[in-house]
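Here's a quick briefing to read alongside the model. Have a look at the structure first, then work through the notes by topic.

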Amino acid sequence: MVIFAARYRHRRWAGAVALAVTLVGPLSGCSGSTPLSADGIPPAARHLQAYDPPTSFDFGDGNGNGTGDALDEGVQPSTSSPARQRPAISLKDTTAFVTTEDGMKAVDAVTRNTLWSASSTIPATKSGFGSERAAPLPARFHGVDAVLVAFSRFIPGTGTGRGRNVIEVLAADSTTGKTVWTAQVDLVITPLDKEALSRDDSLLADGIRAAQVVAVDDQSVVMSDDETTYVVDAGSGQLRWTRPDFHAMQLVDGIVAGAEAPTYGERQLAGYGVSDGSPRWSAVHTESHAVASSTGPGLLAMSASDGFVIVDARTGAIRAHPGPGAYVHPWHCDFDGTSVILCNDQLFGQTHSIAALDATSMKWLWSITETPGGRLVPVVTAVWHGAVYGRTTNGNVILDARTGADRATPKLAPFLVNAYVGIEDRGHSMSLMRSTG
């Protein structure tokens, strides 16, 4: 008997099958090796100077090589797609939150010490290959600053009872690691003889197929796993609704917005009411392999044959439809957290074009397209607070997000960055450096 050593295959044919959600008891106890103050800031981090945005990095104090086993546990990618492999790590201030195979942990980004750890109630299936994992979600939840993570789990059957495949959700206090909330959602699995006809991998936003918590508010928890979205009541833990072939990406003003496949080989953006799953809007109906991305609060993007389209996640109204040049690869867009949307056609580690828009006016700011004798087009690793971080054949580079001009050549090309630290993915390990300028 094979017990889901790889990914779980789901339910295109199953339609609106009722799923059971059960609240479970507290998870295993948390442990901490570094004390936190009442405001959640490690003592070692208090002397750090903030650089917003940082343009230089160094190892600073610590173990000398910038890496640590605790962060390396997040190397297992949250995607099987080569397009945008994303380590299962999130960053908030001076704390990195890491999804591990057995749970999650908080790591002091300055000392690299583990602050706390928490384990899932259901143990991970040990296949020898690890399991795909998505990054935790830091969010305000149940009145506290929390971090939420989801796991694909298998509960073995006993006696004549069949085993169950579930999503287990854990919300922990981001300061202490104490469990705030947890739930289990039963999955409906697509039989193997139906899988080849039902599966449409390119629907997945950024290729992320692992179980993940997409968004939360005081009333709802929005989750996705593979090609299906689940919405759970944040109080009772009861399942409200589920939708196959829809990959949620945002929750804004009562609308769950994301990408879906209305039929096999087709794509569109869509929004559904968070309370009942009722259709609210659909937009940008296009061909297969169009890529969707979350493009800042209240905005989604979808690649198109002539560039990309940005829509309002609340209404589906088109906000911008730039055509920066010939279609090479699907476009993906990111928000810098302040005022710029940065889009690129990056795929398989190569980028042919990048372009920037003002996030409010949607005014075109600048673009770089691969041309003979022209500027090198960076492979973008991160966009944050007016800076575009990436790599060229000349090495690491930072561009000004509003002008596109070269700004610096740092030691690090981080995939996660803030005013205090940057974290670089080296494939088999994480490199962490402190911001120095």
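Cys333 is buried, with a relative accessible area of 1% (buried means under 20%, exposed over 50%, partly exposed in between, using a 1.4 Å probe and protein chains only). Cys343 is buried too, at 0%, and a disulfide joins Cys333 to Cys343 with an S to S distance of 2.1 Å. Bear in mind that this is a predicted model: local features need pLDDT of at least 70, side-chain atom pairs count only at pLDDT 80 or more, and totals for chains, interfaces and linings use all residues. Residues are numbered from 1 along each chain as its sequence is written, and side-chain values use heavy atoms, with hydrogens and water left out.

**The disulfide**
- The structure holds one disulfide, a term that here stands for a pair of cysteine sulfur atoms within 2.5 Å.
- Cys333 sits in strand E23 (residues 332–335) and Cys343 in strand E24 (residues 340–344), so the link ties together parts that are 10 residues apart in sequence.
- The Cys333 and Cys343 link is right-handed, with 110° about the S-S bond.

**Overall make-up and confidence**
- The chain's secondary structure comes to two helices and 33 strands; these are DSSP runs numbered from the N terminus (helices H or I, at least four residues; strands E, at least two).
- Of the chain's 437 residues, 55% count as buried.
- Take the contacts in the chain with a separation of 6 or more: 54% of them come from residues 24 or more positions apart, where contact means heavy atoms within 4.5 Å.
- Mean pLDDT for the chain is 81, and 77% of the residues reach 70 or more; pLDDT is the predictor's confidence in each residue, from 0 to 100.
- Over residues 1–39 the pLDDT stays under 50, and the model has 123 contacts beyond four places in sequence for them.
- Residues 62–66 are also below 50, and that stretch has 10 contacts in the model beyond near neighbours in sequence.
- Where pLDDT is low, the predicted coordinates should not be read in detail.

**Nonpolar cores**
- The largest nonpolar core has 20 residues, and those with the most contacts inside it are Phe141, Ile167, Trp181, Val213, Val221 and Met223. A core here is a set of buried Ala, Val, Leu, Ile, Met, Phe, Trp, Tyr and Cys residues joined through side-chain atoms within 4.5 Å.
- Elements giving two or more residues to this core include strand E7 (137–141), strand E8 (144–155), strand E9 (164–173) and strand E10 (179–186).
- Met223 touches, among others, Ile167, Val169, Val185, Val213 and Tyr230, not counting residues up to four places away in sequence.
- Another core, of 17 residues, lies apart from the largest one, and has among them Val252, Ala257, Val284 and Val311.
- Ala150 is found in strand E8 and counts as buried at 5% relative accessibility.
- Leaving aside neighbours within four places in sequence, Ala150 is in contact with Ile167, Glu168, Val169, Ala211, Gln212 and Val213.

**Sheets and hairpins**
- Four strands form an open sheet in the order E19-E20-E21-E22, with antiparallel pairing (two strands pair if DSSP finds at least two bridges between them).
- The edge strands, each pairing on one side only, are strand E19 (292–294) and strand E22 (318–320).
- Strand E21 (residues 307–312) pairs with E22 over two bridges in the antiparallel sense, and Val311 has Ile318 in E22 as its bridge partner.
- Strand E25 (residues 353–358) and strand E26 (residues 364–369) pair over five bridges, again antiparallel, with Ala355 opposite Ser367 in E26.
- Strand E5 (residues 103–108) and strand E6 (residues 114–119) are antiparallel with five bridges; Lys105 has Ser117 in E6 as its bridge partner.

- Met362 lies in the loop between E25 and E26, has a positive phi of about 65° although it is not a glycine, and is buried at 10% relative accessible area.
- In the hairpin of E5 and E6, with five residues between the strands, Arg112 takes a positive phi near 65°.
- Asp253 has a positive phi near 50°; this residue sits in the loop between strand E15 (246–252) and strand E16 (255–260) and is exposed, with a relative accessible area of 64%.
- A cis peptide bond joins Asp52 and Pro53, with omega about 0°.
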